[in-house]
Every structure is written in structure tokens, then in C-alpha cells.
Amino acid sequence: MRHNDRDTQVVVPQSMLPDIAGLERPELETLLREQGIEPYHARQLFRWIFRRGVTDFDRMTDLSKTLRSRLADLVSITTPAVAGREQSQDGTTKILLELADHRRIESVFIPDSPGQTFCISTQVGCAMKCAFCLTGKMGLTRNLTAAEIAGQVRVLARELDLLSTRFNIVLMGMGEPLHNYDETMKALRILGDGEGLAVSPRRVTISTVGVVPALERLAQEPYMPNLAVSLHATTERQRDLLVPLNRKYNIAEVIDACRRFPIKRRNRITFEYVMLAGVNDSPEDARRLVRLLNGIRSKVNLIPLNEAAGIPFARPSDARVDEFARILADHHLTVSVRKSRGRDIRAACGQLIVEGPTRSAGQKLAAAMEG
Ligand code: SAH
């Protein structure tokens, strides 16, 4: 099932012209105004680019021919190029994208979960180095721009023929969204624009390891997505080892920030908890988790580890996961067990890793152990 990306011809759009794919509509209006173009054309451009997936000015038929050619001379619209596509037996589709600087990222489409869900990356690699995550092994190459984050959604919607369908977006691909705060939030505002894809914040989930100052900023945002916090442990010592950022922002501070977080009515914070056999999956862990979350409107999403070569942990048995879930449920916590999707194509949580021309030490290690 694995594609050979060396065989794929990739045409990367390269242009020296300003890229409007990463502009919010008011910014685009300003740019147009500065060029003596009526700012209301920004609305038409948003409809073409985001709602219809058209980036070729020539095809924007409600703009005059003169305006189309002026725009083509003035600005560019950069879109990540599809460099590979793999489909899992369960319908999950992983799309490998190449960016203008030839860096590669992955985005995943998860159908019927129950809705249609796009799992989007926010960075090339990740700096968080969580002990059980393959992406973490890559290290951080760079942040994605708002154009690249929103661009993934445009490409997935186009490739999967979902431009006119409602879909959810989870920022659970490669990277830590709150470690690339400004570009991530900008991308969400662009995707939320009513003239474009109009993705409501209720259909967007930011998943974070808990960068506390960024959580505090998020709490003030007008565009307020759902929040998922990757907790994974119930003692500081345990979390220090699993999620290195805990040494900077520990469980107590993360939970405190969650308590202060303005949760909308009828909404809750999701706490993600990767289950590692013999590490954090005991009944005592479950009871500590209940105590930690006491008083927070929360739900717990248990994620049995997706095992991978190079990851020194094992997935607990289903019985062990069920027992853990039962304890949470008995204490009136809402709990779900994440079904692993796309494991056969390495598209499941924590399995996104890009084998580009330049492989990191972590990737080489993982590949060597697999081979
Ligand atoms: N950086 C963000 C988003 C990343 S991934 C975050 O940490 O929340 C989304 C979820 O997948 C996180 O909860 C992450 O901890 C989890 N994950 C990472 N590696 C995993 C693995 N091997 N198996 C199962 N879940 C994993």
C-alpha cells in the first residue's frame, strides 16, 4: 500500500508575487484598495478560492477579463501540491503534500467519524517530543504559514470532492498548534469566513499538549474552536517523562488554565489520554484522573497507543482499556475510546512522519527498526 513518492512528479507553484492564499478578507481588501481595485472583489476571490476551489484567475468568470489579467500580474495563490495519496481499508485517506520549499507534510481525511473529518497539520514536524509519538521524533523543521494550514483544507476538500459538504477540522496532524499560534488562528479565521468555506468554530477542534500562555490567549479569541488537551498522565513525574513540555507547564498549571477556560454552554473540554501498557493504564491512574478533572466540564478520550517501530511502549489489552473506561464512567465522566483509523497506512494518531529527501535522525532510526 505504501506509495513510492520518488516516482511522483510534483509541480510546485513558485512565484515571486505576493501570495493571497494566506490573507484574511480584510487584508485582501486592503491589498486590492492599494492597487486601485474595488475592495468588494475580495468577496468574489474568497468564493472562488475557498468555496469553489478555483485558483486560476482565468476561470474566475464573474471578474472582468481586465481584472483577471491584472490580478494574475499582481498576486499569486499558492496551494500545497499533492505528492501522494494512500487509502486505508477503512476509507481513511492520507494525503502527502509538498510545500513551495519542497518540505512535506501529511493531512488525513477520516470519513464517517460520524461526520467527515479533516485532520490537519500545523507544523513541519514537531518540537514537543512526546515519548510515544513518531512525529515528535522528526523534531521541528518549521512552522506552517496560515496559507499552508488553510491550504490543506482546500486541497482535501477538492481532492475528496467535499467542497460543498459540511466537514469537521481537527488540528491533530503534525505539529503543536499552540506552538504556532498566530498562523494557526489566522488560518482558522480564513476558513471561517462566510464568503469562503464558512467553517464554524463549533466544527473545529484544537488539540494541544497544553502551552499555558497560549491557552490563555485562546481563551480571549472571538473565533473559539473546541479544545482538546493531551493529558496522558496523572502524576507530574509520569507526565514529565511522557510529555517533556510538562517540565515547563505542569499538570497543575494546565488543569488550572482549563478551569479558567471559557467553555461555551453545553460544551466541554476533551482530555486525550494515550494508553500505554503498564505505564499509565492502571485503575489507580483512572482514579487519579477522575480527581484531577473534578469540577471541569470535561470528556475523556482514551487513545490506546498506536504502536510503531521506534516507539518504546505497547498498547494495553482491550480489557485493560475497558476497565479504565469503566472507572471513569462510574464516576460520571463522559468517556470514549478512540477507534484507530488508517493504521494500515500509518495515518493514525502519532504516526504521521514524512520520509522526505532529508530524513531526521529520528526518522532514520524508525525506518531502520522497521526494516
Ligand atoms: N500536538 C497536538 C496534536 C497532535 S496529535 C497534541 O499533542 O495534542 C493528536 C493526539 O494523538 C495527541 O493527543 C497525541 O498525544 C496523540 N498521539 C501521539 N502519538 C500517538 C500514538 N503513537 N498513539 C496514539 N496516539 C498518539
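A residue is called buried when its relative accessible area is under 20%. Leu31, with a relative accessible area of 18%, therefore counts as buried. Welcome to this predicted model, in which a search of the whole structure finds two cavities of 30 Å³ or more. There is also a ligand, surrounded by 19 residues.

**The largest cavity**

- Rolling a probe the size of a water molecule over the atoms shows where empty space is left.
- The volume of the largest cavity is about 500 Å³.
- Its lining is made up of 34 residues, and those nearest the centre of this cavity are Phe132, Cys133, Met172, Ser230 and Gly350.
- Four elements each supply at least two residues of this cavity's lining: helix H4 (134-138), strand S8 (204-208), strand S10 (269-275) and strand S11 (298-304).
- H4 gives the most to the lining of the largest cavity, with three residues.
- Sorted by class, the residues lining the largest cavity are 19 nonpolar, 11 polar and four charged.

**The largest pocket**

- The largest pocket has a volume of about 1000 Å³.
- Around the largest pocket there are 43 lining residues, with Ser113, Val170, Met172, Asn301 and Arg338 nearest its centre.
- Several strands give two or more residues to the lining of the largest pocket, including strand S3 (104-110), strand S4 (117-119), strand S7 (168-171), strand S9 (226-230) and strand S12 (334-337).
- S8, S10 and S11 also belong to that group for the largest pocket, and S11 gives the most to its lining, with five residues.
- The lining of the largest pocket contains 19 nonpolar, 15 polar and nine charged residues.
- Met172 is a residue to look for in both places: Met172 is among the residues nearest the centre of the largest cavity, and also among those nearest the centre of the largest pocket.

**Around the ligand**

- The closest of the residues surrounding the ligand are Phe132, Ser207, Ser230, His232 and Asn306.
- Phe132 has a backbone N or O atom 3.0 Å from a nitrogen atom of the ligand.
- Ser207 places a polar side-chain atom 2.6 Å from an oxygen atom of the ligand.
- Thr208 has a backbone N or O atom lying 3.3 Å from an oxygen atom of the ligand.
- Phe132 and Ser230, both listed among the closest to the ligand, are also among the residues nearest the centre of the largest cavity.

**Cysteines**

- A disulfide is a covalent bond between the sulfur atoms of two cysteines.
- The structure holds zero disulfides.
- For Cys133, the closest cysteine sulfur belongs to Cys130 and is 6.3 Å away, so the two are too far apart for a bond; a disulfide would need the sulfur atoms within 2.5 Å.
- Cys133 counts as buried because its relative accessibility is 17%.
- Cys119 is buried too, since its relative accessibility is 8%.

**Buried residues to look up**

- Leu31 sits in helix H1 (residues 25-34).
- From Leu31 to Ile20 the separation is 11 residues in sequence and 9.1 Å in space, C-alpha to C-alpha.
- Thr92 belongs to the loop between strand S1 (81-87) and strand S2 (93-98), and counts as buried because its relative accessible area is 0%.
- The side chains of Thr92 and Asp90 are joined by a polar contact of 2.7 Å.
- Leu191 is part of helix H6 (residues 181-192), and its relative accessible area of 2% makes Leu191 buried.
- Leu191 and Glu106 are 85 residues apart in sequence, and their C-alpha atoms are 19 Å apart in space.

**Backbone details in the loops**

- A cis peptide bond runs from Ser113 to Pro114, with omega near -5°.
- Pro114 lies in the loop between S3 and S4, while Ser113 is among the residues nearest the centre of the largest pocket.
- Lys129 is not a glycine, yet has a positive phi of about 55°.
- You will find Lys129 in the loop between strand S5 (123-125) and H4, and its relative accessibility of 46% makes Lys129 partly exposed.
- Asp161, another residue other than glycine, has a positive phi near 60°.
- Asp161 is placed in the loop between helix H5 (146-159) and S7, and is exposed because its relative accessible area is 68%.

Technical notes: Residues numbered from 1 in each chain as written. Predicted model: local features only at pLDDT ≥ 70, side-chain atom pairs only at ≥ 80, totals over all residues. Heavy atoms only, no water. 1 Å grid on protein atoms, 1.4 Å probe; cavity = no way out; pocket = protein on both sides within 12 Å on 5 of 7 lines; lining within 4 Å. Points joined across faces, edges and corners; volume = space filled by probe spheres on them. Nonpolar A, V, L, I, M, F, W, Y, C, P; charged D, E, K, R; others polar. Buried < 20%, exposed > 50% of the residue type's maximum accessible area, 1.4 Å probe, protein only. Near = heavy atom within 4 Å. Polar contact = N/O pair within 3.5 Å; in protein donor to acceptor, adjacent residues only side chain to side chain.
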